[in-house]
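Please open the model in your viewer and keep the selection panel at hand. The stops below say what to select next and what is there.

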Amino acid sequence: MNTIEYKRSSTAAEVIAAAYETPPMAYVRSFGCQQNANEGERIKGVLTDVGYGVCNSPEEADLILFNTCAVREHAEQRVFGNIGALKKLKEQNKGLIIGLCGCMAQQPHIVEKLRQSYSFVDIVFGVNGIDTLPELIARKLQSRRRVLDTPVERLDIVEEMPIRRDSSFRAWLPIMYGCDNFCTYCIVPYVRGRERSRTPEAILAEFRQLVQEGYKEITLLGQNVNSYGKGLPVPMDFADLLQMLCQVPGDYHIRFMTSHPKDASHKLIDVMAANPDHICNHLHLPVQCGSDRVLKEMNRHYTVEHYLELIDYARAKMPDITFSSDIIVGFPGETEEDFEMTLDLIRKVKYMQLFTFIYSKRTGTKAAVMPDPYTHKDKTERMARLLAAQDEIASEQVAALVGQTRTVLVEGFGRGDGLLNGRLRNNLVVEFAGDAALIGTEVQVELTGSRMAMLSGHMV
Ligand code: SAH
Ligand code: SF4
Ligand code: F3S
């Protein structure tokens, strides 16, 4: 691992300035997870740094960039669908530059497909090439040729990259990149490369700046935050990092994702419990499934028993904590019996929220070659049963909160006239009447009703 400092390419900035009469405009759209959203903000920062303005529609743009996700086939199809729709824009505006970056762009077969079948795509770059973007644009402008280099794995961490954040009160803060876990279904370790941690100094500096700028909610990001710190000159674990950040004075709260159950420790839970003002009482702890046999096939390195022990420990330390999880339905060879174990598990844990996915085969992963005898119809039926079970669990628990008054960060507009929506520290969402000027502030809301996983209330 090597940390380098971002350097603005003045040559690229000059080439870009010379190519346009007025400052060019960029449209950047990010798909996928929060890590991608954060990198989209960096992309906009770097583009602004070399003279671009940022616009909100592809029609106004001189440069369109899709920052893509490869986690499931559906995610990739969506991106291809959206790129296809750009062909017309390119025909109307020959000078338009179209680029693809992020996790899909890190796969050689995708780059080959773009070369062969998407002649109107001009630029690709992988997940760790954001700082090189101005040079790629300059190369394209000067040579008028497509710049579709085959992606390489790059392990450098680039610090001090400019950023243009989407929100003025909620911020993403990556603490590590990559993943070494190789869960057998997952493409992420192949596209995001080996795990590497930012230094505590760099994280603390960014964190302090965010607090100073008035950010209320700071979400620490990593594919597996609990393995933070491996390979640092002075080793430090995630719990130590959290404890260190909580010492920064200010009016903020911290969220983090994602925790891997194999590395989530009692120490982490102790640090959460000891800092209720600064760390949210919510833990996203993806279990994936409730069968030890399938967990083993998934290479997850924990058992249901271990997982439940963690949940019990957390509940004992923080009685009002809520849990959320990711579940994969229909992993190759998952039997009816395995699936029922997943239903049992979600009933035991009583998650507030579940993110559920039907298994999607990813070429190059180990699971892609495992026998998969169940049909898509079997899997969608299981999915429907899972969702119905979860609706019941969530409704019951959400309803139990009615009557309480909780601190809420106002995030935006609700679904009805004059309604706002906001998030409780435990990650539930509530709608209530209020003025738009409250967006980005914290208010006290009495919870008066619930419908499924959604609360309603009024400000007090
Ligand atoms: N690093 C995180 C999650 C990354 S991907 C973690 O380990 O929890 C987010 C979620 O997508 C995963 O938790 C998993 O539930 C789901 N997922 C990943 N690969 C998938 C695949 N091939 N098919 C279906 N769901 C998948
Ligand atoms: Fe994928 Fe597993 Fe890594 Fe999460 S921990 S990104 S699921 S390989
Ligand atoms: Fe998707 Fe890449 Fe995130 S594959 S989920 S955008 S790490």
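## First stop: ligand 2

Select ligand 2 and show what surrounds it: C179, N181, F182, C183, Y185, C186, V188, P189, Q223, H260 and R300, where a residue is taken as near a molecule if one of its heavy atoms lies within 4 Å of it. This shell divides into 7 nonpolar, 3 polar and 1 charged, with Ala, Val, Leu, Ile, Met, Phe, Trp, Tyr, Cys and Pro counted as nonpolar, Asp, Glu, Lys and Arg as charged, and the others, Gly among them, as polar.

Before going on, note that this is a predicted model, in which local features need pLDDT of at least 70 and side-chain atom pairs count only at pLDDT 80 or more, while totals for chains, interfaces and linings use all residues. Residues are numbered from 1 along each chain as its sequence is written, chains are lettered from A and ligands numbered from 1 in the order in which they are written, and side-chain values use heavy atoms, with hydrogens and water left out.

## Ligand 3

Select ligand 3 next, and around it you will find C33, N36, C69, A70, V71, C103, R192 and Q223. The residues of this shell divide into 5 nonpolar, 2 polar and 1 charged.

## Ligand 1

Now select ligand 1, which is surrounded by 15 residues, the closest being Y185, Q223, Q288, D326 and S360. Which classes make up the residues of the shell around ligand 1? They divide into 7 nonpolar, 4 polar and 4 charged. Colouring by secondary structure brings out β14 (322–329) and β15 (353–358), each of which supplies at least two residues of this shell; helices (H or I, at least four residues) and strands (E, at least two) are DSSP runs, numbered from the N terminus.

A polar backbone atom of Q223 is 2.8 Å from a nitrogen atom of ligand 1, an N or O atom in the side chain of Q288 is 2.7 Å from an oxygen atom of the ligand, and a polar side-chain atom of D326 lies 2.6 Å from an oxygen atom of ligand 1. On its own, ligand 1 has 540 Å² of accessible area, of which the protein covers 90%, the areas coming from the Shrake-Rupley method with a 1.4 Å probe.

From β14, continue to E334, which lies in the loop between β14 and α13 (336–349). A polar atom of the side chain of E334 lies 3.0 Å from the backbone nitrogen of G330. At 2% relative accessibility, E334 counts as buried, the classes being buried under 20% relative accessible area, exposed over 50%, and partly exposed in between (1.4 Å probe, protein chains only).

## Salt bridges

Side chains of opposite charge can pair when their charged atoms come close. Counting a side-chain nitrogen of Lys or Arg within 4 Å of a carboxyl oxygen of Asp or Glu as a salt bridge, the total comes to 31.

Select E411 and R170, whose side chains meet in a salt bridge with 3.0 Å from N to O. The pair links distant parts of the chain, since E411 sits in strand β16 (residues 405–413) and R170 in strand β8 (residues 170–174), 241 residues apart. E411 counts as buried at 14% relative accessibility, whereas R170 is partly exposed at 30%.

Move on to D149 and R139, a salt bridge whose closest N and O atoms are 3.2 Å apart. D149 lies in the loop between α6 (133–143) and β7 (156–159) and R139 lies in helix α6, so the pair ties together parts that are 10 residues apart in sequence.

For D251 and K216, the closest N and O atoms of the salt bridge are 3.8 Å apart. D251 is in the loop between α9 (238–246) and β12 (253–257) and K216 in the loop between α8 (200–212) and β11 (217–221), so parts 35 residues apart in sequence are tied together.

Finally, select R42, E159, R165, R198 and E206 together, as they are linked in a network of salt bridges.

## Last stop: an open sheet

Show the open sheet of 5 strands, with the order β3-β2-β4-β5-β6 and parallel pairing, two strands being paired if DSSP finds at least two bridges between them. Its edge strands are β3 (53–54) and β6 (123–125), each of which pairs on one side only. Strand β2 (residues 25–30) and β3 pair in the parallel sense over 2 bridges, and M25 stands opposite G53 in β3.

Key. A polar contact is a pair of N or O atoms within 3.5 Å; within protein, one must be able to donate a hydrogen and the other to accept it, and residues adjacent in sequence count only if both atoms are side-chain atoms.
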